[in-house]
Amino acid sequence: MSTTKWATEADFAEHRATITSLYRQKPLVDVMEHMRREHEFQATARMYKARLKRWHVTKYVRYGKDNAQRQTGKTPHAHVDDTARSITSRQPALPTVAPGLGAPVHQQKVLDCLKILEKYVDVNSARGRWQTSPTFMVSLQNSDWLAQMTTVTILLRGGQVQAGFRLLSGCFDTYKANLKAESPLLTSETFMAAFQLMSISPRLGWSFLKYTCQLSGIVLEMSHPLTQLLSKYLTFDNEAFANCSDLFLGCFLNLMKQHVSGWDDSHRDALLLTTGRMFLLSLTTFSQYRELTLMSKNDETLPLLGHQHVLQYDNGELPPAATRPETLSLYPLHPARIKVMKQEPGGVEYLSFEML
């Protein structure tokens with residue numbers, strides 16, 4: 001007589017990222033079926049609910065969820081994906097309310113952002129400013145500026161205010177240079193940096209966005225698409241801004257494929273990996289940061305940075321953009337190791353990673 005082998009605490013920890021990502025897209029019963037079928041993962045609804053509550057994971061859908069699902073027969077996440085595809089393919093017909101984006105007024109703000117983003121990508125690619133090259137690929141595989149911003153959040157969360165703001169000051173100097181060069185990653189990097197700062201304090205995140213918007217208006221101009229996009233970000237509330245992380249990333253990837261000559265799956269995978277790894281680094285505690293910097297000074301081998309890295313930490317919740325199943329599947333194929341860098345000038349050490 002066979003007995004059911006129920007999932008243990010270790011099993012839940014191993015599959016936490018997958019369960020979290022699926023739960024944001026599907027009803028719990030579908031998540032349970034997927035995990036049983038694909039991973040031979042046996043657990044009751046009560047077991048799932050207990051872990052999801054402990055992980056502080058909730059559905060991002062807040063308004064119109066039941067009605068929208070009854071009318072379309074789709075999961076909330078699938079409906080949002082349809083909206084993204086509609087914008088990037090220049091289709092005018094859009095649903096009245098997109099589940100997960102909140103009230104209609106929030107949906108319109110999101111659609112406005114996507115239109116501005118498309119203009120930004122289209123203009124720069126048409127002028128030949130954005131072209132694929134070995135240098136371009138390197139910029140996709142790692143972002144030194146975003147690594148520094150990620151460490152800013154680690155330091156501030158750990159109460160190291162002076163060191164955190166000293167590092168932040170240097171980041172703004174670099175940001176000015178990136179604005180002048182109109183780096184193709186400015187939109188995604190700015191969004192991610194703001195998202196991380198909001199995890200510490202929403203007020204801090206919005207202040208950062210306001211400053212970058214003003215800086216963009218000075219370095220570029222107020223009518224520039226990037227300045228317009230940052231201005232539109234400032235009209236969101238905390239929840240709407242967080243809910244859009246995956247949508248904006250998906251649309252940016254689609255737009256780059258459509259408009260930038262030579263863009264292929266290798267570029268897409270590089271950006272997905274960088275996005276995921278930066279969010280994983282952001283979960284590092286200050287005590288772990290100190291341990292890593294000490295290991296670096298002693299020439300010790302630093303740990304790998306993969307999807308298992310997130311399971312070490314419970315102090316925070318990753319957005320959907322960082323827990324895409326396709327991103328998690330890329331980690332074993334492209335291993336990377338944490339490394340410690342030093343900002344010059346300033347001398348503040350920050351965490352980054354290197355491809356192996």
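**Rings, burial and a cavity**

Modeller: About 150 Å³ of space lies in the second largest cavity. This is a predicted model, numbered from 1 along each chain as its sequence is written, and its side-chain values use heavy atoms, with hydrogens and water left out. Local features need pLDDT of at least 70 and side-chain atom pairs 80 or more, while totals for chains, interfaces and linings use all residues.

Biologist: What makes a space a cavity?

Modeller: On a 1 Å grid over the protein atoms alone, a cavity is a set of points where a 1.4 Å probe fits but cannot get out; lining residues have an atom within 4 Å of a point. Grid points are joined across faces, edges and corners, and the volume is the space filled by probe spheres set on the points. The second largest cavity has 13 lining residues, with Ser-188, Phe-191, Ser-245, Phe-248 and Leu-249 the closest to its centre.

Biologist: How do the residues of that lining divide into nonpolar, polar and charged?

Modeller: Nine are nonpolar, four polar and none charged. Ala, Val, Leu, Ile, Met, Phe, Trp, Tyr, Cys and Pro count as nonpolar, Asp, Glu, Lys and Arg as charged, and the others, Gly among them, as polar.

Biologist: Why is the Phe-12 and Tyr-48 pair called edge-to-face?

Modeller: Rings of Phe, Tyr and Trp (its six-membered ring) pair if their centres lie within 6.5 Å; planes under 30 degrees apart are stacked, over 60 edge-to-face, the rest tilted. Phe-12 and Tyr-48 have centres 5.7 Å apart and planes at 80°, so edge-to-face it is.

Biologist: And what makes Phe-286 and Tyr-289 stacked?

Modeller: Their planes are 25° apart, with 5.7 Å centre to centre, and the limit for stacked is under 30 degrees.

Biologist: How do you know that Thr-20 is buried?

Modeller: Buried means under 20% relative accessible area, exposed over 50%, partly exposed in between (1.4 Å probe, protein chains only). Thr-20 comes in at 7%, so it counts as buried. Phe-286 also counts as buried, at 18%, and Tyr-289 is buried at 7%.

Biologist: Which residues does Thr-20 touch?

Modeller: Trp-55 and Val-57, leaving out residues up to four places away in sequence. Contact means heavy atoms within 4.5 Å.

Biologist: What makes you say that the charge of Arg-51 sits over the ring of Phe-12?

Modeller: The rule asks for NZ of Lys or CZ of Arg within 6 Å of the ring centre and within 35 degrees of the ring normal. The charged end of Arg-51 is 4.5 Å from the ring centre of Phe-12. Arg-277 lies over the face of Phe-353 too, at 5.5 Å.

Terms used
On a 1 Å grid over the protein atoms alone, a cavity is a set of points where a 1.4 Å probe fits but cannot get out, and a pocket is an open set with protein on both sides within 12 Å along at least five of seven lines; lining residues have an atom within 4 Å of a point.
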